[in-house]
Amino acid sequence: MKPILVKGSEAIALGALAAGCRCYFGYPITPQNEIPELLARELPKRGGVFLQAESELAAANMLLGAASTGVRAMTSSSSPGISLMAEAFSYMAALELPAVVVNVARGGPGLGGIEASQGDYFQATKGAGHGDYHFLVLSPASIQEAYELTARAFDLAEKYRQPVMILTDALLGQMKEPLILRKIKPRKYPKDWALTGAKGRPGRVLRSLFLGPGELRSRNELLQKKYRAMRREVRVESYLLEGAELVVSAFGSLARIVKEAVNLAREKGYPVGFLRPITLFPFPEREFRKLAEAGVRFLVVELNCGQMVEDVRLSICGSTEVRSLPFPPSDLPAPEDIYREIKRCLRSPRR
Amino acid sequence: MKFEVILAGFGGQGILFAGNLLAQAGMEAGLQVTFLPVYGPEMRGGTCNCTVVLSDREIASPVVTRPKALLIMNRPSFEKFVPCLVRGGLAVVNRSLIPEECAVEFPGRRFLFVPADDLAEEEGHPGLGNMAALGALVAASGVVPPEKVLSGLKGLLPPERKHLFEPNRKVFRRGYEFVERNSSTAVRR
């Protein structure tokens, strides 16, 4: 199959179409407008709905409504817009609605900027809205992976009756790479919960208010059990781990720059490996723990002030050294910046 | 093989189009490619740049700070990017806007001064200096076969712009031939 040259945002939209997404609700914001642009053109051709809402709040609640009927539906936005949608996300998690949410993140807090940032890691993985809930979070590092993971997100959302987030940023959203439009076979899951009109069957109710004694507790326990079950979806990319004394970890588009730095270091003979979480929630705790038990140290590189590093530290429970190399949003770091830090880590004695 | 090039100039000089086209050509030639446009609150008339990486292996970073080649269309871009060029690297420079004396300060780099805007104007398409410069870059670097650029151009132009194929092809050819004709003198070290 011949590749096409597309932006990351376009690959996400194409992945959604390939997975049979039929509804899109959103409100424009930089740097993700190529997603609605493409879907506005393509969804109506396929009998789908593209709707630019009056606000992010409206869009997210339209998504909630569409998802409750069992149709494949999505929204996309960027950081401040995702914050506005957070209330609906909490309700969707409570109602166990399958839907896909894309965050092409930009720098914050507040209006921040429009450059690439990973400052929304906490928001994505710990739940943006209120209550004990999580998204299942996937973070692509290439245009091909953006396509595949978006398509997969729709399956996972239905498999677990669960909102799934694609967390990416302006770097991947705006760059172009070859994409092979591999055919996707959407999986089918029973939808015995969907509100499709109660003709010839008893009515169904989706609710998030539980006032009876113990009701809310068992509701929460059910959700937690589901989150634990989602651990089997954990995915990582590991590279050059053999003989590594230091493992550099990063997620998303920044991981590409980090991988280059690891290549540079290996060429110079430094014992360095690379581990990229693809699922950010559930976090690949076991993968980190195994390496820690083998005695490697970690360097966690992020395009924020240090967020994923906390999950790495929790995963390994202080059994080895974990250093943080944060790059708050402004200019992107060069591979050489990270390479220098790798050398510094390896030369310094263990703490 | 790994070839990293930064293309830079004023907004409106077709920098992103030229970079996109080079990436498309690389992809059609069977290479791995990344195309990274500069991205931010850009101003009209301000500088604009993009980074293209072509490789026969997996490309890790699309971000490049020490490129092997440059395509420079205006003076501010010359001043910003030439210092980043690796030693022995190639800079294709728009002589129509940048005097050759500028290169004196940067020994150890290969400069190819091309009257890109003038070549485009001679062909009757003054807005297509980007294609003349790209033609020169492709000729001097040999990074992709010129036919792939032309087939890439066909793929990039949407149906309503198909009539622009011929003008772009002609000016690209002029830039390409400029290097062939001046091969002994064009590249200054």
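1. Let's start inside chain A. Between domain 1 of chain A and domain 2 of chain A there are 15 residue pairs in polar contact, with both partners at pLDDT 80 or more. On the domain 1 side, α5 (121-126), β6 (136-138), α6 (143-160), β7 (163-169) and α7 (170-174) of chain A each put in at least two residues. The largest share of that side is from α5(A), with 4 residues. By residue type, the side of domain 1 that touches domain 2 splits into 16 nonpolar, 9 polar and 8 charged. Bear in mind throughout that this is a predicted model.

2. Now for the layout behind that interface. Chain A is divided into domain 1 (4-185 + 213-232) and domain 2 (235-347), and the C-alpha centres of the two lie 26 Å apart. Where they meet, 33 residues of domain 1 are in contact with 25 residues of domain 2. About 2400 Å² is buried between these two domains of chain A, and carbon and sulfur atoms give 57% of it.

3. Salt bridges also cross this boundary: the count between domain 1 and domain 2 of chain A is 3. R276(A) pairs with E145(A) in a salt bridge, with the closest N and O atoms 2.9 Å apart. Another salt bridge joins E177(A) and R256(A), at 2.5 Å between the closest N and O atoms. This pair links distant parts of the chain, with E177(A) in strand β8 (residues 176-179) and R256(A) in helix α9 (residues 254-267) of chain A, 79 residues apart. Both partners are tucked away: E177(A) is buried at 9% relative accessible area, and R256(A) is buried at 8%.

4. Have a look at T125(A), which sits in helix α5 of chain A. Its relative accessible area is 1%, so T125(A) counts as buried. A polar atom of the T125(A) side chain lies 2.8 Å from the backbone oxygen of Y121(A). Setting aside residues up to four places away in sequence, T125(A) touches H134(A), V137(A), L280(A) and F281(A).

5. The next pair to click on is E233(A) and K159(A), whose side chains meet in a salt bridge (2.8 Å, N to O). Here too distant parts of the chain are linked: E233(A) is in the loop between α8 (215-229) and β9 (236-239) of chain A, while K159(A) is in helix α6 of chain A, 74 residues apart. Are the two partners buried or partly exposed? E233(A) is buried, with a relative accessible area of 9%, whereas K159(A) is partly exposed at 32%.

6. On to the contact between the chains, which takes 20 residues from chain B and 24 residues from chain A. The area buried between chain B and chain A is about 1800 Å², with carbon and sulfur atoms giving 64% of that. There are 9 residue pairs in polar contact between chain B and chain A, both residues at pLDDT 80 or more. On the chain B side, the elements giving two or more residues are α1 (15-28) and β2 (32-37) of chain B. The largest share, 5 residues, comes from β2(B). That side of chain B divides into 12 nonpolar, 6 polar and 2 charged residues.

7. What about charge pairs between the chains? The count between chain B and chain A is 2 salt bridges. One to check by eye is E58(B) with K259(A), where the closest N and O atoms are 3.1 Å apart. Within chain B, the side chains of E100(B) and R95(B) also meet in a salt bridge (3.6 Å, N to O). Both are partly exposed, E100(B) at 23% relative accessibility and R95(B) at 36%. Salt bridges that share partners join E145(A), E237(A), K259(A), R276(A) and E58(B) into one network. The whole structure holds 34 salt bridges over all chains.

8. The buried ones include I12(A), L14(A) and L17(A). Just after α1(A), G20(A) takes a positive phi of about 85°. Elsewhere, S77(A) is found in strand β4 (residues 73-77) of chain A and is buried, with a relative accessible area of 0%. Beyond its neighbours within four places in sequence, S77(A) is in contact with residues including I29(A), E56(A), M85(A) and V102(A).

Key:
Residues numbered from 1 in each chain as written. Chains lettered and ligands numbered in written order. Predicted model: local features only at pLDDT ≥ 70, side-chain atom pairs only at ≥ 80, totals over all residues. Heavy atoms only, no water. Contact = heavy atoms within 4.5 Å. Buried area = accessible area lost by both parts, 1.4 Å probe. Salt bridge = Lys/Arg side-chain N within 4 Å of Asp/Glu carboxyl O. Polar contact = N/O pair within 3.5 Å; in protein donor to acceptor, adjacent residues only side chain to side chain. Nonpolar A, V, L, I, M, F, W, Y, C, P; charged D, E, K, R; others polar. Domains from an automatic or database assignment. Buried < 20%, exposed > 50% of the residue type's maximum accessible area, 1.4 Å probe, protein only.
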